[in-house]
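This report walks through one protein chain, from overall figures to single residues. Please keep the display at hand while reading.

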Amino acid sequence: VWCVTVPGLDPDAAVVVASLDSYGVDDLFADESGKIYLWLPNGVYAFTASGTAYMATVDGAAMLTTQHFSIDTFTLADNMATFTLASRLAPDVFATWMDTVTFEVQFSTNLTDAVWTALIAPERDGITLTVPFATDAPSVFLRVLAQ
């Protein structure tokens, strides 16, 4: 088994973990820095801790991510940026997460300074996000944030 550190929780507060019932996750409390520690064998685990979705991949070591999606396809045409998302969670967990999440699309023209500017809220159609975007900059970096 490997230790999976789950951050971002309320310090010294009770934590309810769902979808890991067979791993002794009852009566957990976050430490003073807002973390809990789970011991899991090799595998991929999608779970929630106090309502926040997490994904852990354990394969000889543990890696925890709150990156619940990746960008499957991207197009920029007619001054519209379109992103199609791909799930990194189990389908039922991803569907529940999509019902509660808000997305923000940001752009930067220079990654060295990393100044990000938010665009208007993207339109959502299932797993597709569309937002108006046009620029005269020779190169632009776009990112999608979820909360």
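## Terms and basis

Residues are called buried under 20% relative accessible area, exposed over 50%, and partly exposed in between, with a 1.4 Å probe and protein chains only. This is a predicted model, in which local features need pLDDT of at least 70 and side-chain atom pairs count only at pLDDT 80 or more, while totals for chains, interfaces and linings use all residues. Residues are numbered from 1 along each chain as its sequence is written, and side-chain values use heavy atoms, with hydrogens and water left out.

## The chain as a whole

The protein chain has 147 residues, and 32% of them count as buried. Its secondary structure consists of 1 helix and 15 strands; helices (H or I, at least four residues) and strands (E, at least two) are DSSP runs, numbered from the N terminus. Along the principal axes, the C-alpha atoms fill a box of roughly 55 × 35 × 30 Å.

The accessible surface of the protein chain is about 8800 Å², and carbon and sulfur atoms account for 52% of this. Such areas come from the Shrake-Rupley method with a 1.4 Å probe, and for residues only the protein chains shown count as cover. Contact means heavy atoms within 4.5 Å. Among contacts in the protein chain between residues at least 6 apart in sequence, 52% join residues at least 24 apart.

Asp31 lies in the loop between β4 (28-29) and β5 (36-40). The residue is buried yet has no salt bridge, and the nearest side chain of opposite charge, that of Lys35, is 6.2 Å away. A salt bridge here is a side-chain nitrogen of Lys or Arg within 4 Å of a carboxyl oxygen of Asp or Glu. For charge, Lys and Arg count as positive and Asp and Glu as negative, while His and the chain ends are not counted.

Which side chains make polar contacts with the side chain of Asp31? One is the side chain of Ser33, at 2.9 Å; another is the side chain of Tyr37, at 2.8 Å. A polar contact is a pair of N or O atoms within 3.5 Å; within protein, one must be able to donate a hydrogen and the other to accept it, and residues adjacent in sequence count only if both atoms are side-chain atoms. Leaving aside neighbours within four places in sequence, Asp31 is in contact with Pro11, Asp12 and Tyr37.

## Two residues with positive phi

Asp12, one of the contacts of Asp31, sits in the loop between β1 and β2 (14-15). Its phi is near 60 degrees, a positive value in a residue other than glycine. Asp12 counts as exposed because its relative accessible area is 55%.

Ser19 is not a glycine either, and has a positive phi of about 80 degrees. This residue is in the loop between β3 (17-18) and β4.

Val1 is placed in the segment before β1 (2-6). With 67% relative accessibility, Val1 is exposed.

## Residues apart in sequence

Asn79 is in the loop between β9 (69-77) and β10 (80-87). Its relative accessible area of 49% is why Asn79 is partly exposed. Asn79 and Thr135 are 56 residues apart in sequence, with 8.5 Å between their C-alpha atoms. Outside four places in sequence, the contacts of Asn79 are Val131, Pro132, Phe133 and Ala134.

Thr48 belongs to strand β6 (residues 43-49) and is partly exposed, at 24% relative accessibility. Beyond its neighbours within four places in sequence, Thr48 is in contact with Val16, Val17, Ala18 and Ala53. Val93, in helix α1 (residues 91-100), is buried at 16% relative accessibility. Val93 and Thr75 are 18 residues apart in sequence and 27 Å apart, C-alpha to C-alpha.
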